[in-house]
Amino acid sequence: MDAEITLQVDGSERTLTVDTRTTVLDALRDRLGVTSPKKGCDHGQCGACTVLLDGRRANSCLTLAVAHDGAEVITAEGLADVVPDGHLHPVQQAFLEQDGFQCGYCTPGQICSAAGIIEEAAAGHPSTATDPAAEGGIDLTDNEIRERMSGNLCRCGAYVNIVAAVRQAAEAAASLRKGLPDPAEPAVPDSPTAASMPSHPEDRS
């Protein structure tokens, strides 16, 4: 059975007819040509397909498109559109500065998940790593970041720099909420490569 649905994808309204069994991931990639979310395991176990669905991170390979008619879908590509003056989203910038990727296949999902967990923590949504006595916003410590990002796998093993990137983005987001200037790039004592790789790998001679 087919159904006509409308999705708000990265700020653009897209209407399409899909089989009712079509996932959001397949609708994006195969029907709309939005290839930022990647198909990794297709079982919701690797996180490569993570998008922001109505502001919450979701595994798009497990989500039926017809169940989200009218929903807003933000991919890693569309995150930059929410930032004025053509700048990268703080999470995207942090992944570049902290060298939080190698092959890059999982990176769009990592970036969307990171953006999602920063908002979840700010809203006070706990994880299994959260101190039960914590009140209000939750500090994204390294343990919090690791727990919340555990559904996003990196086959290259860039986890140390991914944690550093999420930490940097979370600090920038906290400063913006308080009306302060963005913090300088933080020192990452537990990252052996971040200091020696400040620029994008393709830009290095």
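**Strand pairing**

Strand 3 and strand 5 (residues 72–74) are paired antiparallel through two bridges; strands pair if DSSP finds at least two bridges between them. Within this pairing, Leu52 has Ile74 of strand 5 as its bridge partner. Helices (H or I, at least four residues) and strands (E, at least two) are DSSP runs, numbered from the N terminus. The model is predicted: local features need pLDDT of at least 70 and side-chain atom pairs pLDDT 80 or more, whereas totals for chains, interfaces and linings use all residues. Residues are numbered from 1 along each chain as its sequence is written, and side-chain values use heavy atoms, with hydrogens and water left out.

Strand 3 also runs antiparallel to strand 4 (residues 56–59), to which four bridges join it. Thr50 lies opposite Asn59 of strand 4. The hairpin of strand 3 and strand 4 has two residues between the strands, and Asp54 adopts a positive phi near 50° there.

**Burial of strand 3**

In a regular strand the side chains alternate between the two faces of the sheet. Strand 3 (residues 50–53) is covered on both faces, with Thr50 and Leu52 buried on one side and Val51 and Leu53 on the other. Buried means under 20% relative accessible area (1.4 Å probe, protein chains only).

Methods. Buried < 20%, exposed > 50% of the residue type's maximum accessible area, 1.4 Å probe, protein only.
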